[in-house]
Structure formats: C-alpha cells, structure tokens
Amino acid sequence: MKLIQVNDSNLEFLGQVKALYLEAFPKEERKPYPIMEQKQRERKMQIWAIVQEVNCAAEINQKENNRDVLEFCGLAIVILAQEMVLLDYFVIDPKKRGKGIGSAVLELLKEKYVNACLILEIESTSERETGLSKEEQQIREKRKRFYYQNKMRNTGLLVKLFGVSMEVLSDGRKISFEEYLKIYTDTFGECIAEKIECISR
C-alpha cells in the first residue's frame, strides 16, 4: 500500500481522486477542489491517492512479462497545522472495501505524521438528528467502530461544522476547541472558522 501525492507535478491519479471525492461526500461537506489545490501549493494541505501494487502478467507462464502497476484504491486529504494533522477527507473506493485497506492506510498516515497528533471528524453518533434514518445511524456507528478499532479515540469535542454535528477523534491526545478551531482559521481564514461552533467539550 502506498500514498502518492496528487499535485501540479504528479497528475496521474487526479481524475480518480476528483471523481471519488465528488461521489463519496455530500455537497454540504465538500470544499471546492481548486481551493484545496491552492492550499496544497501553500503547504497547508496535502492530497493523497491511495494505491496498491498489482502484478500484471502479459501472458500466463511468461514471467518475464510480469510487471507491477499501481491500482487506485482511495483518497486521503489532510490539513497541516504545526503539531496537528487533520484528516479532512478519507475514503476507500467501494469496490476495494473489506480488504483491510482502510486500516493499513491509517497506519501509513500515523507513520508519515509520527511527530504530529492525527485528528479527524466523524458525523455524530450521540445525537439523533431530525430525519436521520436507522440505516444512516448504523452507518455512522459502524464508521466510529472502525476508527476505534484502529486506536482513534474521542476527544470529547462535539462541534457543528457547516451545520453538521461532528465528533472529533484523535490518535490519543486531548485537544481543546481553541486548538481545533485554529486549524481552520490558519488554513482558510476567519470566514470559514465563523461557521464552526462548539456544542460540547
């Protein structure tokens, strides 16, 4: 499993990253992709394609024609904030799920940002929002179990992020709402930070 940065000098997986980003995340949770590209140029974000090496043989029994190709498996988009890294978007291609890829990538990210506190947001499981179906509630709870199984823990922060209730998880460290808010302020400015509220801490 590998992480390959998708930027101006490496566009190989750009189309697949964009397509999965648009497919996987609802409109109200998506940031404009060009803004994220600009923030990457400013060294405030990083956009990663998740890939794995797959051996392809031109013909069976002709080992000399074997070659490894990189197969797209998902994406990870992070915000860099001094001693913290926010995993802003993380999704595995639906066709690749159930194979341990998500857990493997979380370990890769922890290794890559070993000197930083890795944090992420998940849709709240503690609040039953109006109109939330039983199926959606189960999806949220399953997502939370996945992160708990991979040693992410609840920080106690519950925030309203662009109108969506989100729980903030980390790889162990407690963080304050002020530290969390500063990530958005430093990256996107006060206009974005004003749309984030603290529900509980």
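Residues are numbered from 1 along each chain as its sequence is written. Because the model is predicted, local features need pLDDT of at least 70 and side-chain atom pairs count only at pLDDT 80 or more, while totals for chains, interfaces and linings use all residues; side-chain values use heavy atoms, with hydrogens and water left out.

**Stop one: the strands**

Select residues 153-161, which form strand 6, together with residues 164-170, which form strand 7; helices (H or I, at least four residues) and strands (E, at least two) are DSSP runs, numbered from the N terminus. The two strands pair in the antiparallel sense over six bridges, where pairing requires that DSSP finds at least two bridges between the strands. Asparagine 154 stands opposite leucine 169 of strand 7, and the bridge partner of leucine 161 in strand 7 is valine 164. Strands 6 and 7 form a hairpin with two residues between them.

Now show the side chains of strand 7, where seven of the seven residues are buried (buried means under 20% relative accessible area, exposed over 50%, and partly exposed in between, with a 1.4 Å probe and protein chains only). Val164, Met166, Val168 and Ser170 point one way from the strand, whereas Ser165, Glu167 and Leu169 point the other way.

**Stop two: the core and tyrosine 180**

The largest nonpolar core has 39 residues, and those with the most contacts inside it are Val17, Leu75, Tyr180 and Tyr184; such a core is a set of buried Ala, Val, Leu, Ile, Met, Phe, Trp, Tyr and Cys residues joined through side-chain atoms within 4.5 Å. A second, separate core of 22 residues includes Cys73, Ile92, Leu118 and Ile122.

Centre the view on tyrosine 180: which residues is it in contact with, leaving aside its neighbours within four places in sequence? They are Ile119, Glu121, Leu157, Val159, Leu161, Val168, Ile175 and Ile196, where contact means heavy atoms within 4.5 Å.

**Stop three: aromatic rings**

Keep tyrosine 180 and select tyrosine 184 as well; both lie in helix 5 (residues 177-188), four residues apart, about one turn of the helix, and both are buried. Their ring centres are 5.6 Å apart and their planes are at 65 degrees, so the pair is edge-to-face (rings of Phe, Tyr and Trp, the last by its six-membered ring, pair if their centres lie within 6.5 Å, with planes under 30 degrees apart counted as stacked, over 60 as edge-to-face and the rest as tilted). By this rule the count comes to nine aromatic pairs, and ring pairs link Tyr21, Phe25, Tyr33 and Tyr89 into a cluster.

**Stop four: two loop residues**

Lysine 151 lies in the loop between helix 4 (134-149) and strand 6, has a positive phi near 65 degrees, and is exposed, with a relative accessible area of 60%. Finish at phenylalanine 162, in the loop between strand 6 and strand 7, which has a positive phi of about 55 degrees although it is not a glycine, and which is partly exposed, with a relative accessible area of 30%. Most residues other than glycine have a negative phi.
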